[in-house]
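Dear colleague,

Please find below the structure I am handing over to you, with its sequence. My notes on what was found follow it.

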Amino acid sequence: MEIFHIFDSAGALLDSKSTNLTREAAYALATGCGFTNAGLVPLPHAAESRDASRFTSWIQAGRAGSMRYLERVSETSELVRARVAVPFPWARSAIVCFASYNSAHPRSTEDAPRSSGWIARYAWSSRIDEKGERRPSDYHKVLLKRLKSLDAKLRERCGEFESRAYVDTGPVVERSLAVAAGLGWTGKNTCLIHPKLGSFGFLCVLLTSLDVAAEDRTPQMVSDHCGTCTRCLDACPTNALTAPYQMDATKCISYLTIEHKAPIAPELMSGMGRQIFGCDICQDVCPWNRKAPISADTELQPREELVNPSLEWLASLDEQQWERLFNGSPVRRSGFLGFKRNLAVAMGNAPGADESLLERLKLWSEDADPALRTAAEWALHKHSQESTIE
Ligand code: B12
Ligand code: SF4
Ligand code: SF4
């Protein structure tokens with residue numbers, strides 16, 4: 001059967017006599033829509049049972065904490081996310097896309113200005129708007145738009161078919177599909193690592209009812225390149241990486257600062273260091289990110305003001321100013337109160353304490369919000385102990 005994998009010099013498809021997808025076509029169309037890389041996997045895929053049982057064990061071990069949406073079950077009592085076929089029995093292929101957000105800016109693990117915090121690299125993103133002004137951007141929106149244009153391009157060639165486009169929020173395990181699509185391997189830090197692009201990349205998925213061409217149905221997996229390295233496990237400050245390839249999300253700083261809305265357990269606060277939104281440590285120490293190319297993605301460019309931001313500056317923002325700073329940014333997910341709670345922890349971990357930080361912490365230690373109050377009390381206690389020791 002004829003398959004559409006013949007391109008002219010501009011990358012346009014010349015032949016579309018069949019509706020079978022090829023890797024080459026998926027890659028060309030996806031990169032044409034702005035993605036850095038893309039792979040294709042037939043569904044169900046070869047490692048589906050293995051990944052379904054890994055996901056199920058992870059949920060059963062209580063690793064998901066309060067992220068209840070991950071635990072949703074079907075009418076047949078199967079975890080919805082364990083296999084794509086549970087929510088989408090019609091799905092025959094997944095185009096998995098990778099969008100790099102790597103930048104030349106410092107790593108969280110490098111020396112930083114005194115009393116500065118850390119916002120995860122993925123949340124620095126911005127774009128220039130129609131008026132020429134830099135605006136925060138959110139990868140969910142940016143990439144969903146690209147997936148939709150990929151979907152439209154496929155429709156022009158294949159006619160109608162069933163599809164779903166997901167960036168993060170769909171009921172699928174994106175890293176499982178990315179590995180199956182040959183985009184990289186699962187690192188011991190649990191991240192998808194692309195052998196050339198590293199792990200500072202977003203993943204997203206276009207599920208379709210289109211079949212994969214026969215010659216592209218054989219899995220093209222990237223082998224595990226972690227070898228004897230254990231840098232990520234050694235560097236994780238809260239021991240969230242309980243063993244190679246195993247993460248207890250309830251201990252992960254990313255979970256604690258973004259997803260977890262309640263008070264943070266005091267025994268985890270010291271380990272959180274200066275992270276105020278997300279955490280990059282296990283990726284910053286990874287040798288596979290050292291030589292990764294810098295992303296030229298115009299919609300995911302870093303905002304300078306969010307790199308090593310001063311804790312004092314962030315703590316001084318009122319709600320309106322905070323909303324303005326993070327309107328349209330992934331940082332909004334923590335909420336204003338959650339962000340202040342995270343700041344309080346980072347202020348507790350800051351070396352020494354300026355009078356103004358202590359004043360702010362005193363104010364917050366009387367706040368009505370229990371999560372902020374607990375964090376501020378902990379931070380004050382920590383500084384009072386330090387001054388006693390001195
Ligand atoms: C819940 C979630 C989290 C949770 C839990 C993370 C986790 N490790 O499970 C928290 C809040 C902690 C989190 C943190 C982060 N996240 Co997150 N998260 C998700 C989400 C929504 C679901 C992940 C999930 O289902 N977890 C359950 C576990 C079982 O699944 P998994 O780790 O993805 O599964 C693979 C491996 O663990 C592996 N595996 C399991 N057991 C074993 C055993 C062996 C031997 C091996 C080899 C492999 C293996 O198999 C699975 C399939 O391959 C996905 C989006 C999505 N819909 O998939 C984004 C996603 C995984 N997150 C992402 C990002 C960017 C992050 C952060 C970097 C953000 C930050 N800077 O703070 C950190 C990274 C922390 C880390 N080391 O993983 C990206 C990952 C990109 C990449 N290159 O890997 C995703 C895909 C979002 C996106 N659309 O881009 N995240
Ligand atoms: S993101 Fe941070 S806390 Fe989470 S596993 Fe990696 S190093 Fe540990
Ligand atoms: S730091 Fe080392 S062990 Fe961890 S993911 Fe990177 S290469 Fe693998």
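**Surroundings of the ligands**

Ligand 1 has 37 residues around it, of which Ala 120, Glu 174, Ser 176, Ser 254 and Gly 278 come nearest; a residue counts as near a molecule or strand if its C-beta atom, placed from the backbone, lies within 6 Å of it. Please note that this is a predicted model, in which local features need pLDDT of at least 70 and side-chain atom pairs count only at pLDDT 80 or more, while totals for chains, interfaces and linings use all residues. Residues are numbered from 1 along each chain as its sequence is written, and chains are lettered from A and ligands numbered from 1 in the order in which they are written.

The shell around ligand 1 consists of 22 nonpolar, 8 polar and 7 charged residues. In this classification Ala, Val, Leu, Ile, Met, Phe, Trp, Tyr, Cys and Pro are nonpolar, Asp, Glu, Lys and Arg are charged, and the others, Gly among them, are polar. At least two residues of that shell come from each of α2, α4 (174-180), β9 (201-208) and α6 (253-259). Helices (H or I, at least four residues) and strands (E, at least two) are DSSP runs, numbered from the N terminus.

Around ligand 2 lie Asn 189, Cys 236, Thr 238, Ala 240, Leu 241, Met 247, Cys 252, Ile 253, Ser 254, Cys 279, Ile 281 and Cys 282. This shell holds 9 nonpolar and 3 polar residues, and no charged ones. Both α6 and α8 (281-284) supply at least two of its residues.

The residues surrounding ligand 3 include Cys 226, Cys 229, Cys 232 and Cys 286, together with Lys 188, Asn 189 and Arg 231. Its shell divides into 7 nonpolar, 3 polar and 2 charged residues.

**Overall fold**

The protein contains 13 helices and 13 strands. Its radius of gyration is 22 Å, close to the 21 Å that the globule rule gives for 390 residues, so the protein is as compact as a globular protein of that length. The radius is taken over C-alpha atoms, and the rule is 2.2 Å times the number of residues to the power 0.38. Along the principal axes, the C-alpha atoms fill a box of roughly 80 × 50 × 40 Å.

Of the 390 residues, 44% count as buried, that is, with 20 or more other C-beta atoms within 10 Å of their own; a residue with 12 or fewer is exposed, one in between is partly exposed, and C-beta atoms are placed from the backbone. Among contacts between residues at least 6 apart in sequence, 74% join residues at least 24 apart; a contact requires C-beta atoms, placed from the backbone, within 7 Å.

Leaving aside residues up to four places away in sequence, Ala 344 touches Leu 361, Trp 364, Leu 372, Ala 375, Ala 376 and Ala 379.

**Strand β6**

Ser 163 is buried, with 21 other C-beta atoms within 10 Å, and Ala 165 is buried with 21 C-beta neighbours inside 10 Å. Beyond four places in sequence, Ser 163 is in contact with Asp 151, Leu 206, Leu 207 and Thr 208. With the same exclusion, Ala 165 touches Leu 144, Leu 147, Lys 148, Asp 151 and Leu 206.

**Backbone details**

A cis peptide bond, with omega about -5°, joins Leu 43 and Pro 44. Pro 44 lies in the loop between β1 (37-42) and α2. Asp 168, although not a glycine, has a positive phi of about 80°; it sits in the loop between β6 and α4. Tyr 245, likewise not a glycine, has a positive phi of about 70°, and its place is in the loop between β10 (241-243) and β11 (246-247).

With kind regards

Technical notes. Contact = placed C-beta atoms within 7 Å.
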